[in-house]
Every structure is written in C-alpha cells, then in structure tokens.
Amino acid sequence: MSGDPLVVFTPSGKRGHFPAGTPVLTAARQLGVDLDSVCGGRGICSKCQITPSYGEFSKHGVTAVDGALSEWNSVEQRYDDKRGLKKGRRLGCQAKIEGDIVIDVPEESQVHKQVIRKAASSRVITMDPATKLYFIEVDEPDMHTPTGDLERVARALQEQWEIEHVRAALPVLTKLQPALRKGKWQITVALNKGHDEQHARILDVWPGLYEGGLYGLAIDLGSTTIAAHLCDLVTGEVMASSGLMNPQIRFGEDLMSRVSYVMMNPGGDVEMTTAVRTAINGLTEAIATEAEIDPNAIFETVFVCNPVMHHLLLGIDPVELGQAPFALATSASMSLDAREMDLHAMNDNARVYILPCIAGHVGADAAAVALSEEPGKSEDLVLIVDVGTNAEILLGDKSRVLACSSPTGPAFEGAQISSGQRAAPGAIERLEIDPITKEPRFRVIGSDIWSDEEGFDIATATTGITGICGSGIIEAVAEMRMAGLLDGSGLIGSAAQTGTNRSIPEGRTHSYLIHDASTAGGPRITVTQGDIRAIQLAKSALYAGARLLMDERGVDTVDRVVLAGAFGAHISPKHAMVLGMIPDAPLDKVTSAGNAAGTGARIALCNVSSRAQIEKTVGEITKVETAIEPKFQEHFVNASAIPHKTDPFPELAKITTLPDVSFNTGGGDGDGGARRRKRRA
C-alpha cells in the first residue's frame, strides 16, 4: 500500500494517493475530479476553491488532522483581502497535500454543475395556507377611549374578518405604528395560524394595500441533494424550483457515515448543522433571485427530511439514531420561528413547519410521500418506493399501510462507481446494448441524440462525455444482463465467453468498455466488477425492504408499483425490473410519481388542514424496522442475484428472455475455469 497521503474528493468519491507537496488542483486533475480553474494555478480566478474537512471519516478510512494541507499562503491572503474567501475555503491551486485529507468541491467550483432533478410535479391543491394577507381599516386612537394600536388592529380583524386571538412579536410591534399612520389607518397584515394553534400571529404589516406578494418554500432536504420549490401562497403557483448538493456529503455520503462522524468527532453535529443551514440560506437567496421576488416576502417554509437530516437540521445530536432502539428526540411535527434555526434569508418573522417522522429510520420525507400518494386510500395494493441514498418504502391499501426504510447507499446516484458521477451535463443517462454485436449506444445529459446517430459529436462538443450517472448505471447493468455479458450471479464474462472485445480483463475479473476517449485525453468509461457489486448491494437492500413489507401483509405480489423521488422519475421500469430492484409486476403498472416528497411538502405548505391529516395518517402507519428483522438478511442475499435467486418474475418473462449464462472468475481468457471444471469432472 502506498505510503503517500490519501486524498478523498467529495461529492464524487474519487480518491488516490499523492506525494506530499502535490497541489490539490493537480491531484484533482489526475483523478478526473470536476474542479474548475482558468488562471493556470496562479490564484487569480478563484475557480478552484475547495473545503478541506478534518476529523475521523470511518466511511472513507481517513483520519484528517491539522497540517494535512500546507499552511495558508500569501497568494490566498491576497485574494481573501481583495475578494474574500468563505470561512474554511482554500484555493486548490495553492493548498498542497501533506497528509490524509477529505476535500469537498463546492458546487460553484465544479465545471459541470449538478442537475438537481427534483422539479415540481403537477398537482391540484386546494389553497388554504397557514399564512394569509388581510387588508383592514383600523379605528384611529381616541383619548376618550384609550386603547393601544395593536388592540385596535385585533378588533378590526375580529370585526372585518372574524379572526380572534391575535398576537404580535416585538419586531412586528415596532413596525405597527409607522405603518398605521403612513397608511392613514389602513394596513395589510400577514397573519399566520397553524392547524393546532389557538392564536393567530402577525408576521408583518404594510401601510395601505400591500401587493408585493406572499410566498413560501417547500424544501425536500435529502441526504445527497436539497430541493426547494418557491410557491405563491395566494395562487399555489410554483414560481421557481431549484436545488443544490447537500454540503454534508463531505462528512459521509450515507446517513450512518454522518452519525459515525459525530461519534468520532465531538462537535461534528454542530459542523453539519451549520453547513446545511448555510446551504439552505444560500438556496433561498438563489431561488428568490431566480423568481425575481424579494426574499422578505417569503413567510413560511415546510421541510421534509429523513430522521438523521431532521435532527441535524434542528441542531439535535443524531447519535441515538445510529443504534437500537433508534430513538428520535421527537417524532411529532414541529412549528418554529425561522430565526430559531438561523434561517435568515427570508422574512425575519417567517415560520417553519416540519412534517412528523414515522419512526427512527422512516422520516418526514416518507410522511410527505404518504400525503402526496395516499396509499391508505388505494383500492389495490400499491408499493411506493422513494429511491435515494436511503430508500423509503410504503406498502398499503385502504385496509392498512406499512412503512420501512432501506439503506441503499449512494451507488444509485453514481457514487462508489468507477466511472460514476452525479447527474450533470455530459453524464451518460441512457444506454442500450445490442444483444448480437454487444455494442453499446448511449445518450448523455444535455443532448437528446444517441451516440450512434448523426450529430452526436457536435451536440456533445460542449459537455463532453464525462462519466455515468445513476440512471445510466442502472440501465448499463440491466442491459449487460439482457445481452449475456453478465450472468445471474452478477459476474462479467470474458471476451471469449461473451464474444466481444469490450469485455476486458481487469485483474482476476473483467470490465465492460462503454466509451474510450483516452487517446484524445478524455475518459475511459467502463462498468467494472466492483461497480456490479455496488449496484447489487444497493438493489438488494431495496428489494429486501419491500419484501419485508410484503411478508407483513402476507403477499407475494403487489398490484402496482410507484417509483418516487428524483431518481425514481428517471429510471426505466423495465431496467429496474431486470435488475430486480422492485418486485415483479406488469410494466404498465409501474409508474413514476416524480418528486413525491416535494409534492407532499407543497401540499402541507399550501393547505394547512393537510398537516392535521398527515399527522393522523402517520399515527396509523405500521412501522417495520429492517435493522432488527431477522428475515432481512435472507431476503438481501436472495435479492443479490439478477433479477433474483428464488422469487419468480413471470411478468418480466413476458417482455424479455434473460440469457442462461454462467461465468467464472478463473483466467483472463475465460477458458481456464472451463478446463478446471472438466478436470474435476
């Protein structure tokens, strides 16, 4: 093993050993990490900003200590003096590697920007938000009937709108008198009243008739991405949708890695809370700018998130969620002031509502999916799978709904894959393999033209072909299985076994070559045996979770399957079935719900009574804890085969015939294993 320092880059997950004194930018370029630079490493352009992370990272096998990077130098100081660097940032061209280190490449330093595919789904929502605008005419003060301005505002709201029990915080009270007098005793108030609150509270006041807009944010805070929808609280219109990578990725790609980081590094939870709140503030400013609205007109935010993200958002230590019995600090919904959470990029008096969690590993995001998709109202048995780093699974009908989560890990999002990357322009997202010639054709994000079609090179000249994202790797593995390049156990065959030179030796195993631009300085994109294993682990966890819920219901099949989440919306049902990610079902009964968690957040934002509805629903859902279910491991092992070792897939057999092939790992030419079997016989 190399004695040189180990460098791990996030969010790509790419790693390598480099001699001490190697600039971070050089290491990034050699590993193919997406780190920008246009000034030739002179510390002028600032495009190569990076964030080093220190502490013990058990997931990466790295302990980063002070001194792992060279000291802050005069070039960085000069840039900081002139333009300013965010706290904790370094310039990748100036910082040199001196020890093991984890380095995060922030979004603004990436050449190929992440595509956050969590667009708002079309949904009819009955508008009844918790925050509304009211125009009132207030009595002028009278020396003979002494009352305060707030009391007369409350009286006007009661007489003109039948609203009782109004309160106002001190910051609002300081604005009240000037607004009343400027408006000649006519004002507009923004009033918030939660579904379980007796009192309404005034969030802001304006003189006269206010027509500046009233907005709210629905935020899906995921392990990997943060997606936000800016909604008009009067019309329900989605004004803008935006997203970014969750900066906590640098502390661990999956949830348990982040819990482990907190366990190993005292104060790590505070670091992660600060990081995610800072990101949310930045996202709020960006989405307001995109929609061309004043951020002060954002009065409410609804959050949905898994339990670990829930605790880290609130500033609660998540360690208890890393060990049985997986106790939450609270599973109830929460209504808070935004300023309590340091969310300052919106109105000073904005309110926050967080949906309830279902269980220790089944969070508010699963509750939001239940609110959006309403499995408890389904006439047939529906399986809803929100595919992500941590998959949330619901199974139910009108009689009963069950829920669990399954730790699929980041492989479905392109992480831990040799040529993998997040969804960004240039990433392969669709792929087909000819079963006769074994030749691939593919499509990349940013172009609708396939690689074997005229104009592909021109269409991809700007983005290039940079790697393969989650939907691409799913299709690649499934297509390899259908083309006979991969056997049911997940082994890749040799060139002799598969009949194609695209099966190339790699140690004692083989890889499948998709695209090779190495002669022109571009990437060599392959699917390795390690990639297959990573996908097998992820899909096995997903299938095993679904199978546990089916066991609880006493069924072997479901009537229909709904794929939710940004990733679920972009994977092919056929390829998911071939891979064995989901139980067998008619393909026309496998549909996408888009970003169902985000839709649930929008419903809770725009309709206050839906909050009471989901709180009641959560109390009726049966929770299944995969971590302690003895049959989970059995289901997991059986699900590692492609599509499955024991469960039949009759519906899949109607649309495709999987080749009956079996490969071995002996010998690079693929014949050695066959000769050994013959000798043993």
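Trainee: What percentage of the 681 residues in the chain is buried?

Mentor: This is a predicted model, so local features need pLDDT of at least 70 and side-chain atom pairs count only at pLDDT 80 or more, while totals for chains, interfaces and linings use all residues. Residues are numbered from 1 along each chain as its sequence is written, and side-chain values use heavy atoms, with hydrogens and water left out. Buried means under 20% relative accessible area, exposed over 50%, partly exposed in between, with a 1.4 Å probe and protein chains only. By that cut-off, the buried share of the 681 residues is 58%.

Trainee: How many helices and strands does the chain have?

Mentor: Both are DSSP runs, numbered from the N terminus: helices are H or I with at least four residues, strands are E with at least two. The count is 19 helices and 31 strands.

Trainee: Why is the chain as compact as a globular protein of that length?

Mentor: The radius of gyration is taken over C-alpha atoms, and the globule rule is 2.2 Å times the number of residues to the power 0.38. For 681 residues the rule gives 26 Å, so the chain counts as that compact because its radius of gyration is close to this, at 27 Å.

Trainee: What share of the contacts with a separation of 6 or more comes from residues 24 or more positions apart?

Mentor: Contact means heavy atoms within 4.5 Å. Take the contacts in the chain with a separation of 6 or more; residues 24 or more positions apart account for 67%.

Trainee: Which residues does Met-482 contact, leaving aside neighbours within four places in sequence?

Mentor: Met-482 is found in helix H10, residues 470-482. Met-482 is buried, at a relative accessible area of 14%. Its contacts are Lys-574, His-575, Val-578, Thr-656, Leu-658 and Pro-659.

Trainee: How many residues of H10 are buried?

Mentor: H10 reaches 19 Å from its first C-alpha to its last, close to the 18 Å expected at 1.5 Å a residue. That expected span is 1.5 Å times one less than the number of residues. H10 is mostly covered, and its buried count is 13 of 13.

Trainee: Which residue with a positive phi follows H10?

Mentor: The phi in question is near 80°. The residue is Gly-484.

Trainee: Is Lys-184 buried or exposed?

Mentor: Lys-184 sits in the loop between helix H4 (170-182) and strand S12 (186-192). Its phi is positive, about 55°, although Lys-184 is not a glycine. With a relative accessible area of 67%, Lys-184 is exposed.

Trainee: What is the relative accessible area of Glu-374?

Mentor: Glu-374 lies between helix H8 (364-373) and strand S20 (382-386), in a loop. Glu-374 also has a positive phi, about 50°, although it is not a glycine. Glu-374 is partly exposed, at 29%.

Trainee: Which residue does a cis peptide bond join to Ile-642?

Mentor: Omega for this bond is about 5°. The partner is Pro-643.

Trainee: What covers the buried residues of H5?

Mentor: In helix H5 (residues 255-264), 7 of the 10 residues are buried, so H5 is largely enclosed by the rest of the structure. Among the buried ones are Leu-255, Arg-258 and Tyr-261. The cover includes strand S5 (55-57), helix H6 (268-291) and helix H7 (307-314).
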